[in-house]
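Hello,

Here is the model for you to look over. My notes follow below it.

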Number of protein chains: 2
Amino acid sequence: MSASGLACCTPLTGTAMSARQAEQVAPLLKALADPVRLRLVSLIAASAGGEACVCDLNDAFELTQATISHHLKVLYSAGLLDRDKRGVWVYYAVRPAALAAVATLFDTPPRFDTAAPNPA
Amino acid sequence: MSASGLACCTPLTGTAMSARQAEQVAPLLKALADPVRLRLVSLIAASAGGEACVCDLNDAFELTQATISHHLKVLYSAGLLDRDKRGVWVYYAVRPAALAAVATLFDTPPRFDTAAPNPA
DNA sequence: CAGTCATATTGACAGACGTCGATGCCGGTG
DNA sequence: CACCGGCATCGACGTCTGTCAATATGACTG
């Protein structure tokens, strides 16, 4: 399971992305590319303190506790969430850096349209 | 196959996302959540005129023509690409609006941290 | 019109994924 | 210490996905 390097990446739109970069970022997108996980991240991010208890997350879905736990593991393994066990409860928090890494993908770089003539 | 509504969406980080929203955006992310497709979009976006001929895209990968065609179809079906046939060749172009729709997911809204006390 | 080239489609297959019920683990409580 | 409750893990399942070889389609060429 990855979770460290955090996939710094150039925007999609600028210059062509390397195979290596693509393989680093794709897992992050894959982790987010599920309606349930999207809502989980959103719920956690919107919670007070930027973290949420698994018990509350379970109640927000009509899914088995096992399934929610699985989705949280996917997000955690991708490096998108932090995990903190406090007594009996477990709290997950969004890792802003991870989200930011993905966000850079969609940054629109200065638009040089069609093979821009050097504006010197 | 979708390709129209284009999934307008509130940022992940602001208020909790609805199930409906999540189900609209997830397919876009799913379409992008593959290294090959990520590179395809990147290659197309980085090409002169913001479009690229399939023949060139085929050459950029060590994959079968059928596989590239499949990936392009996935991206096209998700509404991320436009398709334009000119004679024997087919050109794909990135739909900036679609990319922008996904980008809004990662916009960081004004940070109200933990249940902000109204600063009145 | 027969041939060739660029894409798309089909069918097959192995592997990954989302979901569940059942079970295990561990921290509190009586 | 025995028990209960929150969460993770396991095993199984049907489905979806990425890839390929083969074939179809459709546009130009001689």
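**Contacts with DNA strand D**

The side chain of B:His71 has an N or O atom 2.4 Å from a phosphate oxygen of DNA strand D. That is a polar contact (a pair of N or O atoms within 3.5 Å). For B:Thr64 the distance to a phosphate oxygen is 2.9 Å. For A:Arg83 it is 3.3 Å.

This is a predicted model: local features need pLDDT of at least 70, side-chain atom pairs count only at pLDDT 80 or more, and totals for chains, interfaces and linings use all residues. Residues are numbered from 1 along each chain as its sequence is written, chains are lettered from A and ligands numbered from 1 in written order, and side-chain values use heavy atoms, leaving out hydrogens and water.

DNA strand D is surrounded by 22 residues (one heavy atom within 4 Å counts as near). Among the closest are A:Gln65, A:Tyr92 and B:Thr67.

Three strands form an open sheet in chain A, ordered S1-S3-S2, with antiparallel pairing. Strands are DSSP runs of E, at least two residues, and helices are runs of H or I, at least four, numbered from the N terminus. Two strands pair if DSSP finds at least two bridges between them. The edge strands are S1 (51-53) and S2 (81-86) of chain A. S2(A) and S3(A) pair over 6 bridges. A:Arg86 stands opposite A:Trp89 in S3(A).

Best wishes

Definitions and conventions: A polar contact is a pair of N or O atoms within 3.5 Å; within protein, one must be able to donate a hydrogen and the other to accept it, and residues adjacent in sequence count only if both atoms are side-chain atoms.
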